[in-house]
Amino acid sequence: MHIEIADLRRRFGRVTALDGVDLTVSGGMFGLLGTNGAGKTTLMRILAGVLPATSGRVVVGGNDLSTRGGRVAVQRRLGYLPQELGLYPDLTPTEFLDYVGLLKGLDDRAARRGQVGDLLDLVGLSDVAGRKLKGFSGGMRRRVGIAQALLGDPTLLIVDEPTVGLDPEERIRFRTLLSSLAGARTVLLSTHIVEDVAQTCRQTAVLAAGRVLFTGQVTDLTARAEGVTWEIVTAGSPPTDGVVVSAIARTDGTHYRVVSPRPPSPDAIPVSPSLEEGYVALMRSATPLPVG
Amino acid sequence: MRLTIWLHEARRAGPAALLAPPAALLLTAAIAMFIQLSGAGHERAERLLLAGLEAVAPLSVAMVALTIVVRETCRELHLSLPTLHLATIGRRLGVLGASTAACCLIYAAGAWLAGYRLGPGGAATLLVWAAPALWLAAFAALVAAVTRSAVLTSSLVALIWLAEQIWATVFVTPALRPLFLFFTSRVGDGPGWAANRIGLLAGGLVLLAATAAVLHRPERLLTEEDA
């Protein structure tokens, strides 16, 4: 599903959450990176039709979100997993999905029940389908969340910070699940965890203070740290020049990876950057790149 | 589909939506029965039964209505769905209205069969409870939608209810009469009663329309502060 965003602005009183966002998303899995407060959640909410924009144009699959008709048309093809998904603790996953299915317009009882069963299988919750949600762990709740988002076989999936608070094993499992869903869909993954994007997305955008700093291939973002990423091995104090991205203590000393425009020490050696280092280099440069 | 969604919404409205009105009326009936049996008189028991229908039931309905509007753990998800969230809240309030109507009708019929006169009799008896219940519940829903605070809304509803009880003589005056909730139990069902009931019904409908207008704007329900 093609998404076109032009000069999108959203204000909350005196606070500007989005300040002239231009973005194009074509299909597959798209990662939206940014620090907390960058405006990611506001952008996700606008795309999901939860919040109206203050100004600008958002067209999703040919539907203009500024009209009621366009919003409903998108919501009929949308699966949305909000950052804070409060479930109904008195319901079982089956009952919860049945209810959301009805609200999504899945009127045929047999078809709805069949889809609920299939999705519980997909997210690995069939064994606990009859248990109340109040006893579910954070990871299980997230899986219920993704199952409800997939009801009605949406062509656009928006997931906002889905891996926050999950343990490493659950996070990997969730990422793999999201990747497997991206085949015929557009999946928009908003996160501040760079690793999630590195492992799942080919396209990405970086948002900071309500503006797009970067949009393009993940490899291009990684390339932003080419020639400015260094490794230093020292038993002494950490380098003060540049941004220390990682520090691993080994027997020969602590291995520091540093993003810095010049060698942070005479014995620093240049190394191939990771996406995280590309992201750090971009944020550090603080010069917005041309969008496109 | 129709029945299934209503069953879901009845559950989401919470047990209070189904239990609060009958519980309030049962308690009133029990006290009235005690008064009757203790020999305090048929008239006193009748007055209490009438107050239960006109004052206690509407208060319990208003408290449940504000809870329905304020309490929603999946608000953001609802706003992303093609079914209007306003329709969802409307269904839940509908469940409350239906359960209240059933309880009040049974209560009024039971009282009539037991020889108590609650209001003008016949179909008009409906207005004894329906008019104040609609007005107070709609007021509670509107304040809840605007403030999104259960504490503030319940305090305001209780304040209005109490003020009308304490200063009933002030509210009987023509200027405030369309807002007076307890006309039947305080003044009777004589002259001015019908106008008072129609005034309450009309006011209630206006308040409901205002509530719908507020709930129709998602940014009223979900702001950046919520995140």
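At what angle do the axes of helix H1 (residues 2-13) and helix H5 (residues 85-113) of chain B cross?

**Conventions.** I worked from a predicted model, in which local features need pLDDT of at least 70, side-chain atom pairs count only at pLDDT 80 or more, and totals for chains, interfaces and linings use all residues. Residues are numbered from 1 along each chain as its sequence is written, chains are lettered from A and ligands numbered from 1 in the order written, and side-chain values use heavy atoms, without hydrogens and water.

**Entry 1: helix pair in chain B.** I found that the two axes (lines fitted to C-alpha atoms over the stretch in contact, with angles from 0 to 180 degrees between N-to-C directions) cross at roughly 80° and come within 9 Å. That makes H1(B) roughly perpendicular to H5(B) (65 to 115 degrees). I then listed the contacts (heavy atoms within 4.5 Å): Ile5(B), Trp6(B), Glu9(B), Ala10(B), Arg12(B) and Ala13(B) of H1(B) meet Thr88(B), Arg91(B), Arg92(B), Gly94(B) and Val95(B) of H5(B). By class, this contact has five nonpolar, two polar and four charged residues.

**Entry 2: domain record for chain A.** I noted that UniProt, in an unreviewed entry, places "domain: ABC transporter" at residues 3-234 of chain A. Over residues 3-234 of chain A I read 35% helix and 30% strand (DSSP runs, helices H or I of at least four residues and strands E of at least two), with the end C-alpha atoms 48 Å apart.

Key
UniProt positions are given in the numbering used here, feature names are shortened, and annotations may be inferred rather than shown by experiment. Angles under 35 degrees count as roughly parallel, over 145 as roughly antiparallel, 65 to 115 as roughly perpendicular and the rest as oblique. Ala, Val, Leu, Ile, Met, Phe, Trp, Tyr, Cys and Pro count as nonpolar, Asp, Glu, Lys and Arg as charged, and the others, Gly among them, as polar.
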